[in-house]
Each structure stands twice: as C-alpha cells, then as structure tokens.
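Dear colleague,

I am passing on a structure that you have not worked with before. Please look through it alongside the notes that come after it.

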Amino acid sequence: MILVGVDAGGTSTISIAYTCEGKFIGIGESGPGNFHNVGLENAVNNIRDAIYKSTKGLKPDVACIGLAGLDSKYDYEVLSSALKDLAKDTIIEHDSFISLYAETRGKPGIIIISGTGSVVMGYDGKRKLRVGGAGWLLSDEGSAYWIGRKALRLLVKMLDGREEKTLLADLILRKLSASGLDDLIKWAYHEGHKIEEIASLAHVVDIAANKGDKKAQELFYLAAKEISNNAIYISKKLGIKTAYMSGGMFSSKLFKSYVVDLLKKEGIIALDKKKSPEFGALLIAFDKAGCINEPEEPHLHS
C-alpha cells in the first residue's frame with residue numbers, strides 16, 4: 001500500500017510517499033498548487049507531477065492533499081472533482097489544517113500562518129475553526145501584504161504632509177525606485193496589481209522598525225494585534241491554549257515578539273512550527289488507511 005502526503009502551496013507543491021509499514025518511498029516537487037493563482041489545469045498538473053515523482057510513477061492507495069486556495073465551498077467542490085482520480089482514495093484539506101496536524105498529530109491546537117497572506121486555524125479534536133484566509137482583498141489580517149498596503153497608505157500621508165516623514169518613507173521609495181508621489185502612483189496603478197511586491201514591503205518596514213522608526217514599529221504592532229486577535233477568538237471558542245507560528249512574517253524578531261506577548265496576556269503559549277505541512281497530510285493518510293506504523297519525517301528539506 002502506498003500513502004502520500006501533499007502540500008500544494010502558492011509557490012510550490014511537495015509530495016512525500018511511504019508504505020503502510022512506514023517505509024519512505026520518495027519525495028516529489030513541482031510548481032504552484034493554488035488554482036486561484038495558476039488556474040485549475042496547471043494546479044492539478046503540478047500536484048499530479050509531484051505525487052507521481054514521489055511514488056516513482058505508481059498510483060497511490062491513499063493521498064491526502066493540503067491545498068492553498070481551498071477557501072470556500074465552491075473551491076472544495078471544484079478541487080474534489082478535479083483531484084479525485086490522483087489516488088484510489090483522495091482526501092483534500094485546507095493547507096493550514098495539515099500544517100497544524102503535523103505538529104499536534106490530531107490533538108487540540110491552533111496554527112497562526114502569516115506570510116504573503118494569513119490564516120488562523122484551530123482544531124479541538126472534533127471541530128475545525130478557521131478565521132481569515134479569504135485573500136488579500138477580503139482579509140489576510142496581519143500578513144506581509146496587509147503590512148505592505150498599510151505602509152503604502154502611510155507613505156502617501158507622509159508625502160503630502162499629513163504625517164511626519166520618517167526613515168520608512170525613504171526606504172520604501174528606494175525599494176520602489178520612486179522619487180515621489182507621481183512615481184508611486186505610476187507604480188501602483190499603471191503597472192498592474194503586484195501582490196508579492198506589496199508583501200515584500202513588510203521586510204522594509206522590519207528594517208525601519210529595527211532602526212528605531214516608531215511608525216514602522218507601530219505598523220508591526222497593529223499587524224501582530226490583528227492576527228493575535230484572530231487566534232484569541234479561536235482560543236476562546238474552542239478552549240485551546242497552545243498555538244504554533246508559521247510563515248515568513250515570523251522571521252521578524254519584532255513581529256514575533258509582539259505576537260508572543262499579546263497571546264501570553266491571554267494565557268496562550270506560542271510555539272514555533274517545526275514539522276513540514278506535507279508530513280501532516282501524510283499522517284492524515286495513515287489514519288485514513290488504518291496504518292499503525294508511524295512514519296518518520298524525512299529530513300530532505302527545511
């Protein structure tokens with residue numbers, strides 16, 4: 001019996017394959033698996049490619065696929081139909097759930113993911129509760145994109161004199177190769193909406209904050225408060241006091257310290273996520289297949 005765990009993310013898709021006895025078969029990697037970004041056909045092809053690389057071309061008996069972009073009932077219907085033939089038995093889950101499952105092995109916990117976008121997922125062993133994660137337009141509070149957009153709006157106020165100009169303004173203008181408001185408007189509206197580029201401004205805010213820029217520090221605190229409030233809401237609803245932090249925003253020491261402190265005030269312990277999401281998907285596949293030999297996570301990538 002071949003079991004597969006897949007993390008189909010916004011930038012790449014990773015699949016790991018094992019036997020029911022817990023023996024490692026292989027790993028496969030391919031392109032993005034978020035169909036909102038690359039289209040359904042491309043996403044399905046990338047996921048299939050990763051799975052079959054990991055199984056050495058054999059059809060898996062059970063595949064659990066964790067998906068970025070599995071955000072609504074509509075998404076679930078589309079993806080269930082498109083992915084059902086990739087294994088004899090295919091399970092699809094939101095990518096935040098497989099990430100949490102990797103840490104808790106199905107026990108209660110919360111995962112806070114803040115990268116380009118953001119989402120918070122809680123699971124008490126029976127009920128799943130997800131907040132945020134509805135994309136850059138509708139939610140993604142406390143994400144790099146959220147911070148980048150706030151920073152751009154603050155920059156406009158600084159450029160037209162409503163706010164005092166700080167180091168943050170100079171750093172953003174330099175990053176965008178802009179000399180003033182005219183250039184900024186051209187960058188924003190004449191060259192297409194740039195989700196990744198706006199999100200990358202969070203790193204500039206981090207640099208300014210670490211150099212003592214109060215406005216930048218304030219932005220990070222607001223972002224941390226937004227995403228922490230989402231975790232606190234889930235904690236109260238499900239009675240869970242352990243949260244795991246994941247995603248690029250937590251590489252910022254300042255942002256992370258704000259989140260840890262805000263959660264601590266509510267009695268929630270915040271820990272670093274250590275295991276890979278595809279390993280969580282694999283554990284779900286093992287549970288579904290009734291395989292009792294616990295697999296060991298391969299140390300093939302960070």
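Predicted model: local features only at pLDDT ≥ 70, side-chain atom pairs only at ≥ 80, totals over all residues.

Residues are numbered from 1 along each chain as its sequence is written, and side-chain values use heavy atoms, with hydrogens and water left out.

The axes (lines fitted to C-alpha atoms over the stretch in contact, with angles from 0 to 180 degrees between N-to-C directions) of helix 9 (residues 195-210) and helix 10 (residues 214-238) come within 7 Å and cross at roughly 125 degrees; helices here are DSSP runs of H or I, at least four residues, numbered from the N terminus. On the helix 9 side, the contact (heavy atoms within 4.5 Å) is made by Ala 202, Val 205, Asp 206, Ala 208 and Ala 209, and on the helix 10 side by Ala 216, Gln 217, Leu 219 and Phe 220.

Turning to the cores (sets of buried Ala, Val, Leu, Ile, Met, Phe, Trp, Tyr and Cys residues joined through side-chain atoms within 4.5 Å, where buried means under 20% relative accessible area with a 1.4 Å probe, protein chains only), the largest has 53 residues, of which Ile 112, Ile 172, Phe 255 and Leu 263 touch the most other members. Helix 10 gives the most to this core, with 10 residues. Leaving aside residues up to four places away in sequence, Phe 255 touches Ser 114, Gly 142, Phe 220, Ala 223, Ala 224, Ile 227, Met 249 and Phe 250. Another core, of 25 residues, lies apart from the largest one, and among its residues are Val 62, Cys 64, Ile 91 and Phe 286.

With best wishes

Key: Helix = DSSP H or I, 4+ residues; strand = E, 2+ residues; numbered from the N terminus. Buried < 20%, exposed > 50% of the residue type's maximum accessible area, 1.4 Å probe, protein only.
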